[in-house]
Amino acid sequence: MRVAALYDVHGNLPALEAVLDALSDASPDLIVVGGDVVPGPMPSESLAALLSLSIPVRFIHGNGERDALAAHRGEDLSHVPPAFHDAMRWVAKELSPEHLTDMAGWPLTLRLDHPTLGSVLFCHATPRDVREIFTRVTPEERLRPVFDAAGASVVVCGHTHMQFDRSVGNVRVLNAGSVGMPFGEPGAYWALLGGEIELRHTPYDLPAAAERMGKSGYPATSAFDVLHPPAAAEMLEVFEAAALRL
């Protein structure tokens with residue numbers, strides 16, 4: 001059984017298209033979309049591309065979907081940085097009623113029994129929360145209570161937009177990286193779970209992507225730089241300072 005894990009697309013349709021092209025060679029039996037398809041410059045188009053696939057697709061909820069739904073309902077967005085309030089409201093208006101209904105029904109986690117890897121739990125950030133942060137260097141003793149309780153051999157997550165593969169006790173913890181908004185080297189990041197676990201990186205035409213997304217009308221395009229994303233070391237320091245603090 002081959003499962004492609006696609007996380008944190010963030011409305012970057014060109015990156016998603018490149019990964020979907022790469023999947024033709026990977027031949028997965030299932031795609032798991034691990035949250036945060038939105039927000040981003042091309043939210044409706046990205047979601048439509050995933051929903052139109054002939055390969056079975058399962059979705060889970062990310063904090064981005066939670067915030068987009070809150071914006072649609074006119075709820076409080078104080079937990080979202082003020083600079084992104086307009087962007088979140090714009091995304092909510094871009095999504096069709098059908099897309100919003102679909103998103104509202106996505107679960108927070110997905111568990112699969114994999115013939116080689118055993119019990120695999122897919123979550124957005126951690127098994128217990130869609131916003132919680134940890135990194136590849138967060139001390140194991142702080143993470144054991146979180147992942148021991150998951151009851152899985154493998155946990156696949158995203159949220160921090162940087163790939164890693166580490167162990168927490170007896171649990172193998174994989175960050176699939178971000179398809180649409182990675183930190184570090186530009187490109188689209190994802191993972192393939194088969195007989196082995198493979199962390200994948202797919203290049204695509206970054207200038208053309210930036211041009212397409214720049215025409216979308218997305219209010220936060222200036223903060224969405226696919227050509228020059230933040231350095232991984234810089235973001236690792238930022239995230240580790242906030243690790244396991246909601």
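In this predicted model, helices α3 (63–72), α4 (85–94) and α8 (232–241) each contribute at least two residues to the lining of the largest pocket. That pocket has a volume of about 900 Å³. It is lined by 38 residues, and those closest to its centre are His 10, Asn 63, Phe 84, His 161 and Met 181. By class, the lining comprises 24 nonpolar, 10 polar and four charged residues.

The second largest pocket has a volume of about 180 Å³. Its lining consists of 15 residues, with Arg 136, Met 162, Gln 163, Phe 183 and Ala 232 nearest the centre. Helix α8 provides the largest share of this lining, three residues. Seven of the lining residues are nonpolar, six are polar and two are charged.

The whole structure contains 10 salt bridges. One of them pairs the side chains of Glu 17 and Arg 212 at 3.0 Å, N to O. Glu 17 belongs to helix α1 (residues 13–26) and Arg 212 to helix α7 (residues 206–214), so this pair ties together parts that lie 195 residues apart in sequence. Both partners are partly exposed, Glu 17 with a relative accessible area of 32% and Arg 212 with 36%.

A salt bridge also joins Asp 67 and Arg 131, at 2.6 Å, N to O. Asp 67 sits in helix α3 and Arg 131 in the loop between β5 (118–123) and α6 (140–148), 64 residues apart. Asp 67 is buried, at 4% relative accessibility. Arg 131 is partly exposed, at 25%.

Glu 211 and Lys 215 form a further salt bridge, at 3.5 Å, N to O. Both residues are exposed. Shared partners join the salt bridges of Glu 140, Arg 144 and Asp 148 into one network.

Terms used. Residues are numbered from 1 along each chain as its sequence is written. This is a predicted model: local features need pLDDT of at least 70, side-chain atom pairs count only at pLDDT 80 or more; totals for chains, interfaces and linings use all residues. Side-chain values use heavy atoms; hydrogens and water are left out. On a 1 Å grid over the protein atoms alone, a cavity is a set of points where a 1.4 Å probe fits but cannot get out, and a pocket is an open set with protein on both sides within 12 Å along at least five of seven lines; lining residues have an atom within 4 Å of a point. Grid points are joined across faces, edges and corners, and a volume is the space filled by probe spheres set on the points. Helices (H or I, at least four residues) and strands (E, at least two) are DSSP runs, numbered from the N terminus. Ala, Val, Leu, Ile, Met, Phe, Trp, Tyr, Cys and Pro count as nonpolar, Asp, Glu, Lys and Arg as charged, and the others, Gly among them, as polar. A salt bridge is a side-chain nitrogen of Lys or Arg within 4 Å of a carboxyl oxygen of Asp or Glu. Buried means under 20% relative accessible area, exposed over 50%, partly exposed in between (1.4 Å probe, protein chains only).
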